[in-house]
Amino acid sequence: MAEWNAFYKNEDDEEDQEEGEQSGGDYKITGRDSLVFLVDASKEMFIKGEDGQPSNFDMTMQVVRSVYTSKIISSHRDLVALVFYGTEQSKNPRNSFKHVYVYHDLDEPGAKRVQDVDALRGGKGAELAAKTMGSGETSLGDALWCCANLYGDIKLRLSQKRLMIFTCRDEPHGGDSVKDRQARTKASDLKETGVRIDLMHLMKPGGFNVASFFRDIVSPPEDESELGLQLEPCDKLEDLQKRVRAKEQRKRAMARLNLCLGEGINVAVGIYTTAVTARKPAPVRLYRETNEPVRSKTRTFHTQTGSLLLPSEIKKAQVYSKKQIVMEKDEVDAIKKFDDPGMFLLGFKPMEKLKRHHHIRPAVFLYPEEDEVKGSACLFSALLTKCSERNVFALCRCIARRNYPPRFVALVPQKEEVDEGKVQITPPGFNVIYLPFADDIRTLDPPNCPVASQIQVDKMKEIVSKLRFKYRSDAFENPVIQQHYRNLEALALDMMAPEDMEDLIMPKVDEIDARLGPLVEEFKDLVYPFNYNPDSKPPAKRKTAGTGGGAEKKPKVEMPEDELRAHMQNGTLGKLTVPVLKEACKQFGVRTTGTKKQELIDALTERLGS
Amino acid sequence: MAGAKSALVLCMDVGFSMSNSAPGEEPPFELAKKVIQKFVQRQVFAETKDELALVLFGTDSTKNPLAKDDQYQNITVHRHLMVPDFELLDEIENQIHPESQQADWLDALVVCMDLLQTATKEKKCDRLNIVFLTDLNTEASSEQLDVIINNLKKAGITLQFFLPFPAGDDVEGGGDAEGRDPGQPGTGKGLSKEQKSGLDMVKHIMLSLDEEDGLEEIYSFSKAIEQLCMFKRIERRPMAWPCQLTIGSCLPIRIVGYKAVTEEKLKKTWTTVDAQTNQKDDVKRETVYCLDDDNETEVQKDDTIQGFRYGSDIVPFSKVDQDQMKYKHDGKCFAVLGFSKQSMVRRHQFMGTQVIKIFSAKDDEHAGVALSALIRALDELNMVAIVRYAYDRRSNPQVGAAFPCIKQDYECLMYVQLPFMEDLRHFAFPSLANNKKFTPSDPQLAAVDSLIDSMMLVEGDDQKDMFKVHHIPNPAFQRHFQCLHHRAVNPGTPLPPMEPWLKAALERPDVISERCQAPLEEIKRKFPLTEVEKKKALKTSAQIFGKEKQLKKMVHTAAKIIGHGIPSVASIYATRTSHKAQKVPDDPSHPASSEEPDAKKAKGDEEEDEYNLADIAEGSVTSVGSVDPARDFRTLIRKKSLPFGEVCQQLTRRIEQLLSNKNTHYYMKSITCIQAFREQSIKLGDASLYNGYLQSLKRSIPNRGLEVFWDLLLQGMISFYIQGCGISLKSHLP
């Protein structure tokens, strides 16, 4: 059967692996993540904040929208639902619950849903909400029950179930103890089936008292630190977004390994990728007639007999200096194997030995896995404390996965940091920095550069100071991806044109010029001679910005036929440059398949020689 | 145009003194041969265009263009200047033996020079080199030494000597400290008279060619082997990337960038060849597209268009439209967005796979000054430039940081890519400090402290790095070439084990491993670590059934039987299951019914004919029921009261129903159904429904979390799809 599987490598399988590939690991997909937004739709939610602040409801909808769109980009297979409670109208499967309005049931988010949520935003959104749902009685118990049914109706395997309650009322039932009890019971039922309930409590006059009712509703915090309940209610969109995001993104270990300090001392750790280059997703092939997705199958067969080849009928080869070296497929894998996956501690080095330019791929994050080896967290924590106290990093040899060759990594301690609102900014653990081997470092001959005088440096310092800003890693959106999704959105929703997008990594030239003012000229006077033109120095250096594309075509390089023939006869075609040869090929209507010089020469010789 | 190419002559002494050695020591001949082997090996795998010739002296025969009368005797040009290949390696391995003559090594040198000069007249070579391997144990006439040196100088030929002993001054002083490897039989001390005078001559030549570093080109064999052990690291010439650094609209600085650090990959990839013929052309890979229907209807690639997922939607989006609408930019760019504190850019946020060093443009002094001002300003302020970087018009723009970097002999900016918002995942992890369970005690912390003390990889007051990772060649490449070489030279033999030096290079330095023993023991005592017993993903049916041995056995037998496709016995199991199924309430969702079947009941081993049972029930069967769907299915097919397609549909509906209960009992029942489906399909010679259903079932496995069931099914059935049957099932067959 193994063979059968090997041959049907379908695209679906590959798709699952795309995540985390770059960092050398893929996640084992064990099911889908799901998230239910349970939003209070009572009148209180619609009260506008002071000086034009959006209402709590409005804020919530913005957050829901951003989660929808980010799910579409990063994990479109996750399931999301949006449910309102405390509504006048009811809408739920089987309509068995009053005052619960299932706006979206659990499903993958799509363009339509984003539009739906958009409709609920702002003043118009509040109107629409009042019209379609209204505000009425509240029974959180019913709402939770309804959500439980949503989970129950899902046929797929769910790996994570989360429910977030957005409300600004700390006593939703106004002291009705029966309803309170009902809600608690339902909440504990839900928790029992593996649903995590989080509270996103919003600002209300007089403060939000978590203890009175919701303490028993929400799931206990993961780390027993009771951080979750000490949080102040959110009154800013940004805070709410941050909190939702922190909860919503599921941590998945790229690999679970042992960090071996020595014989028999193994600390179980998980490797997490905290930053992965987001790419445009791969296209899906669709059948032209029906627009339904098609699946692709790749198979290997024998050219002569046409029969499909089993893995045992295939070998791997490389050619060196005309000699073919053949190996079995598993030998090829075996060559790469040095040891079983794991990390092995070699020693410690002071932080300053970690060179900034020793960078070959994004770092990953290390956190103990107490579930695998009991006691891991304690030893890990001790290592972390001591390493950061002494400002050293741990040097390890790391084999991340089976049949991966080893790499050296630096484990750099990172202490936990929280912001004023006690939301974690950086988690505690080690950052794993991949270090280069000798092969990865290229030898450059640095040119001899003159050194600037202190006056020149000081002038530049003024310029630098004028353009200071606070760098934040999440400040820049990727314009390529944003444009791509905007295009898709426009097509999916039949919009006339894609939404405008601001390219955040474009320098704000006018602003910079304005801020610098005369400094630029002063600096230029100090370093550049009169008449210095950085553009004209090399022959026709084209300016990068400015005049539209396409203009920078290379000047035509044609060569008279007789000259070419002379070259050919003398065997000096090789002296011509590739562009000239290409042009000559065009000139004589020679179709060239290659772009290599020799290929061009061969093609030309053949043509002209005949 | 053709780049730098060099020509090199390996000149090896094979004369009789080369095979002399002290007991227990390898003779110089063997060592010299190893040096040559390793060297050629490296050249072959590096696929350089450098050409190489091999000259032997001290040979019994004479074969060289200068040989005349009794001049230049016992010198053989073994191979003329050409690109080294495996043939040469083979020759070195098998054709070069110690011989019994001696030849004047200076004569050999002249032969080499002549060879280089005549051979490179036609070819363009920018480096000419002669590598000399000898023990200098022959009398050499020094009369023409100066003429030779002059000629070497004139032709621009460089020389390298490899000797069995180090050429350091201590040798001359009879200092035997290092000079133990010359191994002169009988003499016991130092070098022979010939060797001494020979060495003087060598030194004279080398110093005349290069006054300063001449002596550095004299190596000892053992040292050379050590260095040559490593395959040449992959070197790539850095490509210059000229651009302009811009600050605002009117402050451009001409710069040039070079990739300084990037993960190097092997140049060659594996190709797939046919196992019998070893021919690449005999194997073809093809990708076909098919619709997601039961028949997996194939469609032509031309009949497909491209689309993208937007959440649950798939948006058709042709390549043309995509190109039209995609993000476009002005191309090559290195524009400052602003400046920020260096501390704001954290090391672990570095993205991308490379570091680019930015220098000022060549031959532009003014740009140099301007860039220097920027570098120094940033350095003094501890700031960093945040820039927009685009390699060219086709590549995606990035945001990154340009750090100032001031070295002793140069200064530059160092560019590293930074993350986009979309790249980041904000994971919150439980606090370690706030959790009392995980807080280490003071003695525990002290133990870690002393571990760190004992394992510091720096030494001395200047904190010298003892373990420079970036000086170690990538072991994966070393191993790769070792295996390739082995297979090329010894085809048909298993791959060699890893070379010990390679393994050792990846280990803790010995000092450290010794020093950390005690602290590690202490850690072991202070930190109890216990592996948690895990319930691994169950793989085999045996494991699934765990302790229920009886059942386990039964399933195994059943699986085996099903696999062999003997339906009558397989169905015994089916019948047996059905007995139990009758006992449990029909509602499969009832949790009480999902207990594992009683082992005792399954024990009765007498054979029952399913048809007996079937006969009894036959009369009443009108559709595929839930109690024993497999039996009902068979009965209905036999009675032909319903069309085949209809019955199959009923059966598959039952299977689906059964599978909605994640319980091994229901899994087994489903398997008997599938078995029955298969067997009846074969009987009727109509496999399309069966194959189609299995295809779709397989596809739905991951979504429904039915992997365990699938594993069970796979184990039970060896041939999965029905083949043959006069129906073309080509698209289903592997």
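B:Glu264 and A:Arg442 are both buried. Their side chains meet in a salt bridge, with N to O at 3.5 Å. B:Glu264 sits in the loop between strand 8 and strand 9 of chain B and A:Arg442 in the loop between strand 19 (429-434) and helix 12 (454-466) of chain A, so the pair joins two chains. The model is predicted, and the count over all chains comes to 49 salt bridges.

**Other salt bridges**

- A:Arg361 and B:Glu263 form a salt bridge at 3.1 Å, N to O. This pair crosses between chains, from the loop between strand 12 (342-350) and strand 13 (364-368) of chain A to the loop between strand 8 (251-262) and strand 9 (271-274) of chain B.
- A:Arg361 is buried at 14% relative accessible area, and B:Glu263 is buried at 18%.
- A salt bridge network links A:Lys386, A:Glu389, A:Arg390, B:Asp449 and B:Asp453.

**Sheet with strands from both chains**

- Three strands form an open sheet in the order 9(A)-10(B)-11(B), with antiparallel pairing. Strand 9 (294-302) of chain A and strand 11 (298-299) of chain B are the edges; each has a single partner strand, so one side of each lacks a neighbour in the sheet.
- Strand 10 (residues 283-291) and strand 11 of chain B pair over 2 bridges. B:Cys290 stands opposite B:Glu298 in strand 11 of chain B.
- A:Arg299 forms a salt bridge with B:Glu286, the closest N and O atoms being 3.5 Å apart. It runs between chains, from strand 9 of chain A to strand 10 of chain B.
- A:Arg299 counts as buried at 14% relative accessibility, whereas B:Glu286 counts as partly exposed at 29%.

**Surface charge**

- A:Lys355, B:Lys407, B:Lys464 and B:Lys468 form a positive surface patch.
- B:Lys407 lies in the loop between strand 17 (398-406) and strand 18 (411-417) of chain B and counts as partly exposed at 36% relative accessibility.

Methods. Residues numbered from 1 in each chain as written. Chains lettered and ligands numbered in written order. Predicted model: local features only at pLDDT ≥ 70, side-chain atom pairs only at ≥ 80, totals over all residues. Heavy atoms only, no water. Patch = residues over 30% accessible without salt bridge, like charges linked within 9 Å, V, L, I, M, F, W, Y side chains within 5 Å. Areas by Shrake-Rupley, 256 points an atom, 1.4 Å probe, with all protein chains shown as cover. Salt bridge = Lys/Arg side-chain N within 4 Å of Asp/Glu carboxyl O. Lys, Arg positive; Asp, Glu negative; His and termini not counted. Charge placed at Lys NZ, Arg CZ, Asp CG, Glu CD. Helix = DSSP H or I, 4+ residues; strand = E, 2+ residues; numbered from the N terminus. Buried < 20%, exposed > 50% of the residue type's maximum accessible area, 1.4 Å probe, protein only. Pairing = 2+ DSSP bridges.
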